[in-house]
Amino acid sequence: MKRFALAAVTLATAIAAPAQVYQWQDEQNRTVISDRPPSGPVRQLRRIDTTAPPPAGEPAATPAKTLADRDMEFRKRQQEARDAAEKSDSEQRANARKREDCEAARKSLRSLESGERILLPDGKGGRYPIDDSERAQLISRMREDLQRDCK
């Protein structure tokens with residue numbers, strides 16, 4: 001068990017430690033690349049960065065967000081979720097109301113088409129029966145409304 005732990009720590013240290021890579025030209029004008037610094041006089045000593053660049057599809061690392069920024073984003077997402085739920089509820093209520101109105105209009109149209117006697121308010125507190133021409137106009141208007149609003 002101790003050997004495993006020691007091996008794990010050694011491996012983690014080796015992976016985590018960034019390696020230094022050096023490139024230089026020696027006295028015979030040969031380019032040398034090594035993980036150890038040169039011994040003696042050299043020309044054009046250069047350290048090579050060994051960290052891997054971010055993948056092409058991913059953006060560069062962004063700085064860590066502060067707690068206030070994360071809290072603000074969280075609250076914004078909560079508000080957006082509440083707004084979406086409200087909108088959905090509102091749409092459901094509107095659709096239910098529209099279905100009820102369409103069903104009531106269909107029922108009124110069936111009553112008009114049945115030929116039974118229909119009384120309408122006369123505006124003076126009384127009622128009057130509709131004649132055939134008025135019935136035909138109401139049927140025509142109800143059919144147009146149903147076609148337009150209740151598809």
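Which residue in β2 stands opposite glutamine 25? The points below take this up along with other features of the model.

1. Basis. This is a predicted model, in which local features need pLDDT of at least 70, side-chain atom pairs count only at pLDDT 80 or more, and totals for chains, interfaces and linings use all residues. Residues are numbered from 1 along each chain as its sequence is written, and side-chain values use heavy atoms, with hydrogens and water left out.

2. Confidence. The mean pLDDT (the predictor's confidence in each residue, from 0 to 100) of the protein is 82, and 80% of the residues reach 70 or more. Helices (H or I, at least four residues) and strands (E, at least two) are DSSP runs, numbered from the N terminus.

3. Strands. Threonine 31 in β2 is the residue opposite glutamine 25. Strand β1 (residues 21-25) pairs with strand β2 (residues 31-34) in the antiparallel sense over four bridges; two strands pair if DSSP finds at least two bridges between them. β1 also pairs with strand β3 (residues 43-48), again in the antiparallel sense and over four bridges. There, valine 21 has isoleucine 48 of β3 as its bridge partner.

4. Hairpin and burial. Five residues lie between the strands in the hairpin of β1 and β2, where asparagine 29 takes a positive phi near 65°. Four of the five residues of β1 are buried, which leaves the strand mostly covered. Buried means under 20% relative accessible area, exposed over 50%, and partly exposed in between (1.4 Å probe, protein chains only).

5. Disulfide. The structure holds one disulfide, defined as a pair of cysteine sulfur atoms within 2.5 Å. Cysteine 102 is joined to cysteine 150, with S to S at 1.8 Å. Because the torsion about the S-S bond of cysteine 102 and cysteine 150 is about -90°, the disulfide is left-handed. Cysteine 102 lies in helix α2 and cysteine 150 in the segment after α3, so the pair ties together parts that are 48 residues apart in sequence. Both cysteine 102 and cysteine 150 are buried.

6. Arginine 135. This residue lies in helix α3 (residues 132-149). Arginine 135 is buried but has no salt bridge, and the nearest side chain of opposite charge, aspartate 132, is 4.5 Å away. A salt bridge here requires a side-chain nitrogen of Lys or Arg within 4 Å of a carboxyl oxygen of Asp or Glu. Lys and Arg count as positive and Asp and Glu as negative, while His and the chain ends are not counted. Not counting residues up to four places away in sequence, arginine 135 touches (heavy atoms within 4.5 Å) Ser111, Leu112, Gly115, Glu116, Arg117, Ile118 and Ile130.
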